[in-house]
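These are my notebook entries on a structure that I had not examined before. I record what I looked up, entry by entry.

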Amino acid sequence: MVTRLTDSAVYAHLWSTPELEERFGETARWQAWLDVLVALARVQARHGLVPPAAAEQIADVARAEHLDLDRVAAGTRATSHSTLGLIRELQRVLPESAREHVYVGATVQDVSDTWFGLVMRDVGALVLRDVQALRATVLDLARTHRDTVMVGRTHGQPGAPITFGFKAASWADELGRHVDRLREGAPRWAVGQLAGAVGALAFHDADVDPLALRRDFCAELGLGDPGASWTTSRDRVAEFGHVLALVGGTLARIGGEVYELARPEIGELAEPTTATAVGSITMPHKRNPEASEHLDTLARLARSSAGVLLEGTVVSHERDGRGWKAEWVALPEVCLLTGTALSLARGLLDGLEVHADAMAANLDRFGDRLASERVLAGLSGRLGKHAAQALLQEVLATGEDVAAALAAQGVATPEEVRAWTARDAVGTAGRMVDEVVTRARA
């Protein structure tokens, strides 16, 4: 029996992906920690601190499948120490000649923070891959619908005409900024930790250059050297979590648009569906926007986990388990939630149905009133902006035909009003689509 939905065989697909489970499952996490210990032993051997044969014995044996995880759990509970159960179980399965050379001079935080560096490197790469793929899909939508005119809405109400391509371009532009953030932040986040007791890395300083040891340890794992110990400097983790939460926010914004515009009374977009999908077991006519809705759910939870990571930036002295241990929960959560949202969003947008006919019908439904901004601009040069605003407010309140009312007052001809209210008058929407597409290509 499981207690968390992310571990449920029935519901896990809503909160994780197989690719992410390979990194955050129980066995995967233990293996990652063991890999860190192997790297440490190998580097210590190269620096003359551990016998090379012992380092290789550790490398041969340090496999999660070789360990009895129930014994690890029992040892962890008995000692009230986060990794002593692991150390003792690893010593139990190692040859006697290697037992004293495992986990030498390192702390729990050295292992777990180095794992964080690996997580931020690997998950960051996956998120970047999916954001780029999603951006390509959205750019295609923007190009295809550059001139597909639809109602632009503000405060939930019909405003003025735009194009669907313009809406999609704003999504693509935002996703492009996430690409920049992920690329720029990657070398900052993907670092290891070898700090020792209080960060001074003093355990081996009589035998080797500790900074060279740390540099080689990080390189062994494909990580950068942090420059200084970061046991209580948690900005990297908080920044990474917030970049992922920002990605989730963008996906929720896109999902929110699909959710709203898929309403039958609007009908401009629709989620892809399958023959076996069921919208409602009590109202069979419904086609619920499940994916769009779930993007918002995932984003809310990602923001809450990112908030926990931000709280961890305020900690005490040279080690403080309060913020750091909370990261053990919050960092995997924000990774799982964001990765799931990206997978869901890719499926949603790859099959998104765009109903240009409904967009045109909604333009017709609201008529010339949607062009009030352009009519106001045309009259402002003659009457002054505020006088023109007052006049239009009065005409629109009466429900009169705008062209006839303005002609009757002698302030504009019907031909001028028709030019101002042309359905394809969408300002610079198309040019901004072109700008977004051009920048993405560059």
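This is a predicted model: local features need pLDDT of at least 70, side-chain atom pairs count only at pLDDT 80 or more; totals for chains, interfaces and linings use all residues.

I placed Tyr11 in the segment before helix H1, which covers 18-24.

Entry on the whole protein. I counted 17 helices and four strands in the protein. I then looked up the radius of gyration, which is 29 Å, whereas the globule rule gives 22 Å for 442 residues. The value is well over the rule, and I therefore noted the protein as more spread out than a compact globule. Along the principal axes, the C-alpha trace spans about 100 × 50 × 35 Å. I noted an accessible surface of about 21,200 Å² for the protein, with 53% of that surface belonging to carbon and sulfur atoms. What share of the 442 residues is buried? I noted 48%. I also looked at contacts between residues at least 6 apart in sequence, and 74% of them join residues at least 24 apart.

Entry on the strands. I took up strand E1 (residues 149-154) and strand E2 (residues 157-163), which run antiparallel and are joined by five bridges. Which residue in E2 stands opposite Met150? I identified Ile162. In the hairpin of E1 and E2, two residues lie between the strands, and I noted that His155 takes a positive phi near 55° there.

Entry on salt bridges. My count came to 30 salt bridges. I began with Glu19 and Arg129, whose side chains meet in a salt bridge at 2.8 Å, N to O. Why does this pair tie together separate parts of the chain? I found Glu19 in helix H1 and Arg129 in helix H6 (residues 108-144), so the parts that are tied together lie 110 residues apart in sequence. Glu19 counts as partly exposed because its relative accessibility is 30%. Arg129 is likewise partly exposed, with a relative accessible area of 36%.

I next examined Arg346 and Asp130, whose side chains meet in a salt bridge at 2.8 Å, N to O. This pair links distant parts of the chain, 216 residues apart, with Arg346 in helix H11 (residues 321-350) and Asp130 in helix H6. I recorded Arg346 as partly exposed at 29% relative accessibility, whereas Asp130 is buried with a relative accessible area of 7%.

I then turned to Arg234, which forms a salt bridge with Glu327; the closest N and O atoms are 2.7 Å apart. I located Arg234 in the loop between helix H8 (210-220) and helix H9 (235-261), and Glu327 in helix H11, so that the pair links distant parts of the chain, 93 residues apart. Are the two partners buried or exposed? I found Arg234 buried, with a relative accessible area of 1%, and Glu327 buried at 0% relative accessibility.

Technical notes:
Residues are numbered from 1 along each chain as its sequence is written. Side-chain values use heavy atoms; hydrogens and water are left out. Two strands pair if DSSP finds at least two bridges between them. The radius of gyration is taken over C-alpha atoms; the globule rule is 2.2 Å times the number of residues to the power 0.38. Buried means under 20% relative accessible area, exposed over 50%, partly exposed in between (1.4 Å probe, protein chains only). Contact means heavy atoms within 4.5 Å. Accessible areas come from the Shrake-Rupley method with a 1.4 Å probe; for residues, only the protein chains shown count as cover. A salt bridge is a side-chain nitrogen of Lys or Arg within 4 Å of a carboxyl oxygen of Asp or Glu.
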